[in-house]
Amino acid sequence: MTYSKRVAIESEYANIVGDWGFECHDGWLEIIEKTLKEIRQYIEHKRYFDFKIIQIKEKFGELRIYTNYTDDRIEKIIDEATAQSLKTCELCGTEGKLRNRNGWLKTLCDLHENFKEPPKTSTAL
């Protein structure tokens with residue numbers, strides 16, 4: 001996936017996601033896009049006009065989606081996305097599995113098994 005694909009998804013679903021973006025790698029963008037499409041169709045049908053997705057991120061090796069409101073259908077859509085993320089490499093989108101690397105959980109394919117996050121940089125003075 002490319003940066004432009006990420007921007008296109010963020011733009012397409014800005015009315016429910018907001019402007020903070022996705023806190024995960026591009027391998028999960030297809031899962032995110034499918035999930036957002038299903039949620040948007042459902043909330044438009046139900047007329048949940050104040051519905052917002054608060055955050056989309058990776059945590060403990062799986063995709064997490066937090067919302068300001070939920071019901072059984074929304075939970076089911078999100079649970080399906082989380083389950084799919086546990087079988088999908090977060091980096092490239094191919095088949096992956098949850099891996100424990102010295103206490104850090106990441107869902108990665110065999111090719112990216114030894115991937116290391118770049119060091120975080122601080123802009124603090």
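Angles under 35 degrees count as roughly parallel, over 145 as roughly antiparallel, 65 to 115 as roughly perpendicular, and the rest as oblique. This model is predicted: local features need pLDDT of at least 70, side-chain atom pairs count only at pLDDT 80 or more, and totals for chains, interfaces and linings use all residues. Residues are numbered from 1 along each chain as its sequence is written, and side-chain values use heavy atoms, without hydrogens and water.

**Exercise 1.** Work out how helix 3 and helix 4 are oriented to each other.

Solution.
- Find the elements. Helices (H or I, at least four residues) and strands (E, at least two) are DSSP runs, numbered from the N terminus. Helix 3 spans residues 29–46, and helix 4 spans residues 72–85.
- Take the axes, which are lines fitted to C-alpha atoms over the stretch in contact; angles run from 0 to 180 degrees between N-to-C directions.
- The two axes come within 10 Å and cross at roughly 175 degrees.
- Helix 3 and helix 4 are therefore roughly antiparallel.
- List the contacts (heavy atoms within 4.5 Å). On the helix 3 side are I31, T35, E38, I39, Y42 and I43. They meet R73, I74, I77, I78, E80, A81, Q84 and S85 of helix 4.
- Sort them by type. Ala, Val, Leu, Ile, Met, Phe, Trp, Tyr, Cys and Pro are nonpolar; Asp, Glu, Lys and Arg are charged; the others, Gly among them, are polar. The contact has eight nonpolar, three polar and three charged residues.

**Exercise 2.** Describe how strand 1 and strand 2 pair.

Solution.
- Pairing requires at least two DSSP bridges between two strands.
- Strand 1 (residues 53–59) and strand 2 (residues 62–67) have six, in the antiparallel sense.
- K59 stands opposite E62 in strand 2.
- The strands form a hairpin with two residues between them.
- F60, in the turn, has a positive phi of about 55 degrees.

**Exercise 3.** Decide whether R47 and F60 are buried or exposed.

Solution.
- Buried means under 20% relative accessible area, exposed over 50%, partly exposed in between (1.4 Å probe, protein chains only).
- R47 is in the loop between helix 3 and strand 1. Its phi is positive, about 65 degrees, although R47 is not a glycine. At 59% relative accessibility, R47 is exposed.
- F60 has a relative accessible area of 52%, so F60 is exposed.

**Exercise 4.** List the residues that I53 touches.

Solution.
- Leave out residues up to four places away in sequence.
- I53 then touches I16, V17, W20, L36, I39, I65, Y66 and T67.
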